[in-house]
Amino acid sequence: MMAWGVLAAVNLSTYTASVALADSRPAYLRDVVVSRGIPASELVVGRRAAVWIDEAGGSAPLLLAVW
Amino acid sequence: MRAIPEALQAVQGRPQLRPAVRLEVWSRRFGLWRPAWQTLYAGSESAHGHDAGLCADGALVRARVDENGYLQVARIPHPEDPDEWCPWQMLATADDVAPAVITHPTSSEVHILWVGTIHRNIRWTRSTDGGVTWSTPAQILSEPSGSRITALAGVFRGQSPYELYLFYALDAGGAGADDVLKVVRYAGGSWGTSSAWSYGPRYSFNGLDVLWQGDFWLVAAGRDSASPYLPRLWTLAYGDGWEYPAGTWAALAELEASDSTQFQFAAPAWCAGDAVRLSYLERWDGANAYRQACLRTLLPAASLGSARWTDAEPVGYAPAADAALCLCWDASAGRLYRIGHDRAWCAVQETEPLELGERVVAYTYNEMPAGGGLVVMLDNRDGALSQAGQDDSPYAALRPGAELRLARGAWAAGAPYYADLPAGMVTALEWRESQGTSRLIVRAEDWWGVLRGWRAGRLFSWDGTRTTASIGADLLAQVGLDFAADGAGSDLMSTRTPRFVVPAGQDGATALRRLMANLPDLLRFDGYGTVLFRDPAVLPAAFAVGGAGEPAVLEGALVRGAAWANLCQASGDGVFGWALELDAIQEMGTRRRVWYDAALLSAAQAGQAAGGMLRRAGLEGPAGWLRLRPLWGVELWDVLDWTRRDGSRRQVRVVGIQERCDMRRRGIYEQRLSVVALSDDEPGGGV
């Protein structure tokens with residue numbers, strides 16, 4: 001499933017991020033794997049973000065896009 | 001198979017049985033009492049710190065800090081009487097920190113502790129007559145200059161009314177994370193020296209409460225240790241030799257977390273009564289700021305440090321400042337008090353249910369793997385039920401949200417015998433009139449319905465270190481349900497550790513289905529408060545029907561059809577497992593179920609997942625049915641040993657239960673069971 005939010009923090013060494021999902025009380029989705037297709041320069045905190053979440057939880061959430 | 005009385009066992013399946021029906025209505029959900037609050041007091045005190053405790057004689061002792069910096073106390077001899085609230089008496093000067101009132105259920109010893117006006121000392125007074133008279137206030141400790149005590153809470157240790165522990169939070173006074181928790185003991189009439197917390201300091205603690213349950217259990221609100229110092233609500237234990245060695249601190253466990261400094265938690269308070277209940281304030285400091293008190297209940301068998309709390313339920317208390325909603329339990333009277341700075345409420349625990357068995361005209365019960373419910377028709381010819389659900393009615397308990405317990409059975413040897421159906425929650429009342437009759441129709445939903453009605457109020461996320469079983473338990477606890485293995489769950493329930501996420505707004509039933517989607521385990525309700533998961537390979541006990549001396553099968557259909565999958569293949573990262581039924585493939589061609597699950601970490605796990613899914617596919621194939629007189633102990637997934645008219649025997653598994661009883665028309669008292677034939681190569685399958 002897809003979820004939308006705002007990029008809250010980025011860890012460039014692990015290429016993971018924290019995303020504040022829309023519609024949630026303040027709670028970040030942490031350790032979101034960031035697509036290597038997104039340049040580091042585009043990972044600006046505060047930008048909108050799209051996250052894919054594995055329905056059954058098999059895989060870590062994946063940051064697919066920022067804008 | 002549910003246990004039923006021997007007398008019912010003896011007559012099960014016989015014709016011409018006289019139905020016996022008992023219908024109970026309880027103000028609870030899955031066994032957890034839902035208090036019906038009545039207002040006791042509405043005053044005009046300003047919102048500052050306060051506390052309360054109940055003495056052995058039932059009197060309530062309150063303490064508060066007023067707007068002028070004075071500690072005031074009040075003794076309310078009969079707190080259930082609204083006229084006795086609330087005779088304040090000034091006692092001493094105080095800092096604006098919530099005082100601690102420490103009482104004991106079997107003693108008239110009462111202690112009040114508060115922070116002095118220099119902000120870093122703790123003062124104390126004691127009463128030996130239940131709060132009627134007080135000793136001269138004295139100082140028990142003083143912290144270094146520049147520090148500040150920000151919260152305190154105390155409790156008697158175990159059964160002793162002479163040994164108590166006071167916990168307090170100390171801000172060292174500098175910038176950043178420098179707040180610690182400390183503890184000081186009172187015994188033999190004197191106070192010891194305080195000892196400090198052995199973990200890293202936090203940015204702040206702004207609220208504290210404590211219970212003793214073998215160890216000292218604290219709930220603390222504050223902000224975390226690393227910048228930007230995010231708000232948290234924690235639980236932690238201070239060992240007293242039960243789970244934790246005496247005198248040791250356990251780590252803080254997050255009960256609630258916020259990722260915005262504008263959304264905070266404050267003023268926690270908890271109380272052990274019929275269950276452990278917790279109150280705290282949620283505080284939003286941004287646009288449209290608010291403070292809202294919330295109540296949560298711990299599941300009966302859960303540890304205070306666990307996440308097995310019901311969802312936070314807002315209650316009608318929104319103070320202008322961080323004033324707690326204290327909870328006090330009077331065990332002898334079964335009363336729970338909810339006390340705010342200027343308000344108080346009381347709820348009396350029901351000991352007897354509302355009994356409506358005499359009024360039952362008919363009922364239908366439906367239980368399927370995806371949910372079901374109960375519809376009961378009640379006789380209302382005398383109009384007595386017309387006010388059901390209204391506060392002043394004798395039938396006030398019968399309202400949406402109540403727990404409905406229907407037990408049914410039969411009369412045998414002149415006495416009624418009953419077997420319980422699973423509990424349901426009332427969702428609707430329908431007053432129906434036709435042809436001179438008046439009926440009240442009560443509709444109740446099962447645990448799936450309750451779970452569907454719950455929606456995540458925030459993001460829930462598990463980091464890949466918790467098992468599927470424990471994630472399921474956290475999830476179901478939100479509505480008060482426990483989660484446990486039914487004999488044995490599949491190995492995957494205890495070995496698979498997914499990165500599971502429930503986004504805000506998703507309902508609980510969808511979340512549970514997602515969690516279990518790639519697992520073979522079957523779910524059913526124990527009828528009271530626990531959802532059970534079971535490996536389908538484990539056969540439960542069987543009923544025998546259709547044979548001589550066995551319950552008769554009135555009608556039936558055995559269906560042999562193709563399952564939706566006859567080959568299942570599961571993959572993880574670099575691991576693979578599969579299971580197949582060659583005979584079924586020969587007949588139907590290959591029907592695959594293929595999935596990838598990165599949480600499968602070994603070929604063995606993948607093989608278990610595939611094998612389990614294949615068995616589950618068999619159970620979800622075309623179902624036949626049986627119509628018979630009620631098997632009162634039958635449950636989902638039970639196996640029936642069915643003797644057919646031609647004398648052949650076949651084992652079938654119950655995948656759905658419908659039961660109906662109509663007292664108006666003799667003879668309608670039957671079950672229709674949806675059944676799936678076990679395949680020949682399952683244990684006990686083809687006979």
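**Rings and an interface: some notes**

Tyr238(B) and Trp249(B) are both buried. Keep in mind as you read on that this is a predicted model.

1. Let's stay with those two residues. Tyr238(B) and Trp249(B) make an aromatic pair, with ring centres 4.7 Å apart and 55° between the planes, which counts as tilted. Where do the two partners sit? Tyr238(B) belongs to strand β20 (residues 231–238) of chain B, while Trp249(B) is in the loop between β20 and β21 (253–257), so the pair ties together parts that are 11 residues apart in sequence.

2. Tyr238(B) and Trp249(B) belong to one aromatic cluster together with Tyr165(B), Phe167(B) and Phe216(B).

3. Now zoom out. How many aromatic pairs turn up over all chains? A search of the whole structure gives 29. One worth a look is Tyr41(B) with Trp85(B): the centres are 5.6 Å apart and the planes are at 25°, so this pair is stacked. The cut-off behind that word is an angle under 30 degrees.

4. Tyr41(B) and Trp85(B) are both buried.

5. Rings in chain B also have charged partners. Arg22(B) lies over the face of Tyr418(B), 4.7 Å from the ring centre. Likewise, Arg672(B) has its charged end over the ring of Trp625(B), at 4.2 Å from the centre.

6. On to the place where the chains meet. Here 20 residues of chain A are in contact with 29 residues of chain B. The two chains bury about 1900 Å² between them, and 54% of that is on carbon and sulfur atoms. Which residues of chain A lose the most area to chain B? They are Arg25(A), Pro26(A) and Ala56(A), which together account for 34% of what that side buries.

7. Two salt bridges are found across the interface of chain A and chain B. If you want a salt bridge to look up, take the side chains of Arg30(A) and Asp259(B), at 2.3 Å from N to O. Eight residue pairs are in polar contact between chain A and chain B, counting pairs with both residues at pLDDT 80 or more. Strand β3 (residues 28–34) of chain A supplies four residues, the largest share of the side of chain A that touches chain B.

Definitions and conventions. Residues numbered from 1 in each chain as written. Chains lettered and ligands numbered in written order. Predicted model: local features only at pLDDT ≥ 70, side-chain atom pairs only at ≥ 80, totals over all residues. Heavy atoms only, no water. Phe/Tyr/Trp six-rings, centres within 6.5 Å; stacked < 30°, edge-to-face > 60°. Buried < 20%, exposed > 50% of the residue type's maximum accessible area, 1.4 Å probe, protein only. Helix = DSSP H or I, 4+ residues; strand = E, 2+ residues; numbered from the N terminus. Lys NZ or Arg CZ within 6 Å of the ring centre and 35° of its normal. Contact = heavy atoms within 4.5 Å. Buried area = accessible area lost by both parts, 1.4 Å probe. Salt bridge = Lys/Arg side-chain N within 4 Å of Asp/Glu carboxyl O. Polar contact = N/O pair within 3.5 Å; in protein donor to acceptor, adjacent residues only side chain to side chain.
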